[in-house]
Amino acid sequence: MSAAVVSPPVPAVGRPAFGATLTGTGRMVRFMLRRDRVRLSVWTASVVFFYAYFVVALGAMGDEALAGRALIMETPSGIAMGGPGYGIDDYTVGVAIANEGITWMVMALAIMSILHVVRHTRGEEEGGRSELVRAGAVGRHAPAVAATITLLIVNAVIAIVSALALYGVGESDLGLGDSFALTVGSGLSAMVFGAIALVAAQVTEHGRGAVGISLAAFGIAFMVRAAGDIQERHGSALSWFSPIAWAQQMRPFVDVRWWPAALSVVAIVLFLLLGAFLGSRRDFGSGMVAVRAGRADARATLRGPVTLAWIQQRIVLMWCVLGLGLMWYASGTLLPDITSMIAEIPENNPVFAAVFGADTSQFTTAFLGVMVLFAMLCCAAYAVVMGQRPKAEEGVGRAEIALAKPVSRQRWFGSQLLVAGLGTAVLAAVSIWGLWVGAVSVGYEEQSFGDYTEVLWPYLLALAVYLGFTAALYAWFPRVAGIGWALLIYTFVIGMFGGLLEDLPDWVHRVSPFYWLPAAFTEEPEASHMLGLTGVAVVLFLLAFAGFRRRDVPSV
Amino acid sequence: MTVTPAIEIHDLSKSFGRVQALDGLNLAVQPGEIRGFLGPNGAGKSTTIRVLLGLLRADAGSARLFGGDVWRDAVELHKRITYVPGDVSLWPNLTGGECIDYLARLSGHAEKSRLRARKVELLERFELDPRKKARTYSKGNRQKVALVAAFLTDAELYVLDEPTSGLDPLMEAVFTEYIREARSAGRSVLLSSHILSEVEKVCDTVTIIRNGTDVESGTLDDLRHLTRTSVTAVVGGNPAAVAQLPGVHDLVTTASDGGTRVTFDTDNAQIGTVLTAMSALEVRSFTATPPSLEDLFMRHYGDVIDADEAAAEAAANGAAAGRKAGAR
């Protein structure tokens with residue numbers, strides 16, 4: 001061995017300077033803002049728009065209607081959907097926005113914050129992009145800190161612009177200080193959930209898990225606040241455990257106080273510190289909680305395309321059933337209050353008169369009918385979405401894998417449509433019966449369970465037409481299957497405003513499948529109409545099967 | 001006695017709008033045959049396979065599997081075949097193991113103990129963790145899921161469309177092994193690929209497709225015969241006589257130390273005549289490179305590649321000219 005080989009001196013690596021784990025944060029902040037410029041602009045514009053819209057819409061109601069609104073906001077469901085009831089005795093536009101709006105603004109901003117944080121931390125790690133970034137001269141904490149800073153920037157911009165919008169649109173009825181208290185409080189409250197998302201992103205291995213945990217945290221905060229406020233006007237001790245309350249308890253437009261915002265700030269800092277602590281103790285790409293391994297073998301029930309379609313659609317169906325079920329249940333509980341409120345409107349409002357009719361004695365059923373229409377439009381939307389599931393399957397190549405097996409096209413397509421159709425029916429039943437349960441639970445029993453069921457079944461026939469229409473479009477013109485939405489929008493416009501537009505030719509109404517249905521709770525279904533709807537649905541499904549049988553796969 | 005071919009395609013044509021994807025394609029795979037289906041991207045390999053699977057309807061010509069009509073009898077025929085696409089997408093919320101079982105059950109195979117043992121073996125050989133959700137699999141792992149599912153069932157015909165894309169060399173070797181096992185069990189395979197070495201390793205016969213038409217078809221040995229051998233030699237005599245021979249192409253001479261360096265290609269059919277002529281020239285060194293499948297491939301696609309390069313160059317020049325014009 002020769003000892004003559006002298007290796008060149010390797011420069012020693014000194015002790016890292018303080019804050020080295022944050023190297024590159026500034027560049028990442030700029031990069032994130034640039035990358036998300038469209039997304040964040042849309043969020044900002046939407047939130048500002050809704051603030052402004054509420055001011056205008058509430059302002060147009062007039063004092064009497066606002067006072068009526070205040071009465072609803074004192075009911076338990078009003079408190080759950082609204083706020084702790086500050087200033088409810090003198091219900092002005094500003095008070096209404098603060099009392100009813102903060103919960104929903106915090107929700108919108110919290111969703112934005114959660115998605116933003118997870119996207120730029122766990123999402124990037126999961127997608128493998130973060131690996132490239134971290135291999136550069138970028139500190140361990142830089143992505144998380146940059147995500148937090150960008151979130152702070154966006155929330156600050158939204159709060160400032162929204163406050164100015166409130167002040168501007170409110171024609172100086174809304175004070176600048178109170179406006180800022182409202183928007184800054186909401187923004188800080190939402191940031192708490194962003195900070196929770198940062199912790200969740202350290203704990204779980206997948207972005208979806210982190211989003212789920214954070215949204216669950218919001219759900220708990222929502223319920224805690226609602227339960228606390230129902231116990232006591234202006235909130236009980238329980239309310240104060242929810243970050244949503246911290247924004248509401250600033251009492252904007254009533255008797256503004258700023259100190260509850262400090263609670264949000266403290267919570268944000270604590271969660272960020274926890275996130276940093278956890279982040280320093282885990283490996284890149286892994287979480288604190290290992291992902292559970294799934295099944296090595298399929299269940300015996302996973303035998304054919306029907307089971308598979310069910311597995312694919314059940315999660316969405318479950319969320320829709322839960323969300324729409326709760327929504328229509330809540331609407332049912334509001335029924336007695338709302339009907340008494342809208343009774344005062346139509347005298348001077350032709351739009352309402354056209355929608356609900358001018359006969360005040362019929363308002364309850366007319367209003368219920370409109371709720372049913374909305375509920376069924378949601379179900380029709382579900383049918384249109386699920387009717388396009390096969391298109392997604394075809395687009396990514398999974399249809400091809402299944403059809404290369406001894407599975408006929410009818411069996412594959414039929415399975416998808418069967419599960420979509422049953423899902424739609426379940427959703428419709430849950431929505432309609434949800435209304436009934438809600439109404440009955442507050443002692444409103446004008447209509448029986450049988451009456452609601454009587455309303456439900458003709459709608460099922462009409463919903464089949466939406467599914468059949470979308471399926472036929474997919475089968476014959478797969479690229480434009482999205483036109484299925486057009487029928488839905490048409491139904492909505494005709495159903496809501498058809499009465500306003502006079503002298504429309506009859507056929508304009510007849511195109512809408514809902515036109516053929518009896519008026520909810522007042523009319524009997526006409527046999528010929530029901531047969532006609534059934535016939536149209538059957539023809540559409542036959543067309544769909546015939547078309548799908550003869551065409552190339554894939555052709556999307 | 002005539003044997004019904006596993007695959008029989010005559011004059012197959014298929015167009016998508018104005019694009020003629022297949023234009024009079026012929027292809028046959030006999031029982032027990034392992035046929036390579038070679039061609040660059042966009043030549044029509046996947047289109048052919050989708051017609052065979054009854055997914056696409058042919059415009060003209062006939063395509064039969066085991067004598068049955070690929071469109072009309074699709075479901076019956078699919079009981080006897082198995083298919084692996086080149087880009088597998090799986091059901092994201094199922095695990096790999098669930099996907100494998102589901103695909104096996106769609107084939108109509110009940111879960112017998114033998115099947116279970118086979119699954120365990122395949123998972124081990126392909127080093128696949130079946131308990132992960134399909135959405136977390138890499139491309140290579142998704143490919144493995146499809147391969148395990150394919151080799152799990154006793155199909156009579158394997159239709160494989162670039163099945164090893166995304167696999168590492170070790171896994172390619174495992175794949176090759178299972179193909180050989182299928183061959184010794186008397187099964188037929190159609191292996192579409194643009195990886196020549198893969199086809200050379202496992203296939204008995206090859207069909208080369210170009211622009212939707214089969215341009216060459218036969219056993220690997222047959223095809224090699226059709227190609228040219230490259231010769232490099234240093235000779236003392238005048239090679240002009242060799243240049244005159246039929247079957248000698250692209251002859252180039254350069255002065256070399258104490259002689260003339262001569263390089264040329266010769267048709268394999270003429271190689272005897274060429275050697276006789278060479279031996280009269282005081283040969284000092286002689287190298288002959290045998291034809292590879294790659295040469296064969298390049299012979300059919302060389303001009304395409306040249307044309308592509310020319311087009312790319314023209315486009316680049318055009319873009320540069322455009323930029324200049326824009327700058328002015």
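User: Over how many bridges do strand β1 (residues 7-16) of chain B and β2(B) pair in the antiparallel sense?

Analyst: This is a predicted model, in which local features need pLDDT of at least 70 and side-chain atom pairs count only at pLDDT 80 or more, while totals for chains, interfaces and linings use all residues. Residues are numbered from 1 along each chain as its sequence is written, and chains are lettered from A and ligands numbered from 1 in the order in which they are written. Helices (H or I, at least four residues) and strands (E, at least two) are DSSP runs numbered from the N terminus, and two strands pair if DSSP finds at least two bridges between them. L12(B) stands opposite L25(B) in β2(B), and the number of antiparallel bridges between β1(B) and β2(B) is eight.

User: How many residues of strand β3 (residues 34-38) of chain B are buried?

Analyst: A residue is buried if 20 or more other C-beta atoms, placed from the backbone, lie within 10 Å of its own. In a regular strand the side chains alternate between the two faces of the sheet. I34(B), G36(B) and L38(B) are buried on one side, and R35(B) and F37(B) on the other. The count for β3(B) is therefore five of five.

User: In β9(B), which residue is the bridge partner of G36(B)?

Analyst: Strand β3(B) runs parallel to strand β8 (residues 188-193) of chain B, joined by five bridges, and R35(B) has L190(B) as its partner there. Four bridges join β3(B) to β9 (residues 205-210) of chain B, also in parallel, and the partner of G36(B) is V206(B).

User: Which element gives the most to the side of chain B that touches chain A?

Analyst: In this interface, 27 residues of chain B are in contact with 25 residues of chain A. Two or more residues come from each of α2 (74-78) and α3 (96-106) of chain B. With seven residues, the element that gives the most is α3(B).

Note on methods: Two residues are in contact if their C-beta atoms, placed from the backbone, lie within 7 Å. A residue is buried if 20 or more other C-beta atoms lie within 10 Å of its own, exposed if 12 or fewer, and partly exposed in between; C-beta atoms are placed from the backbone.
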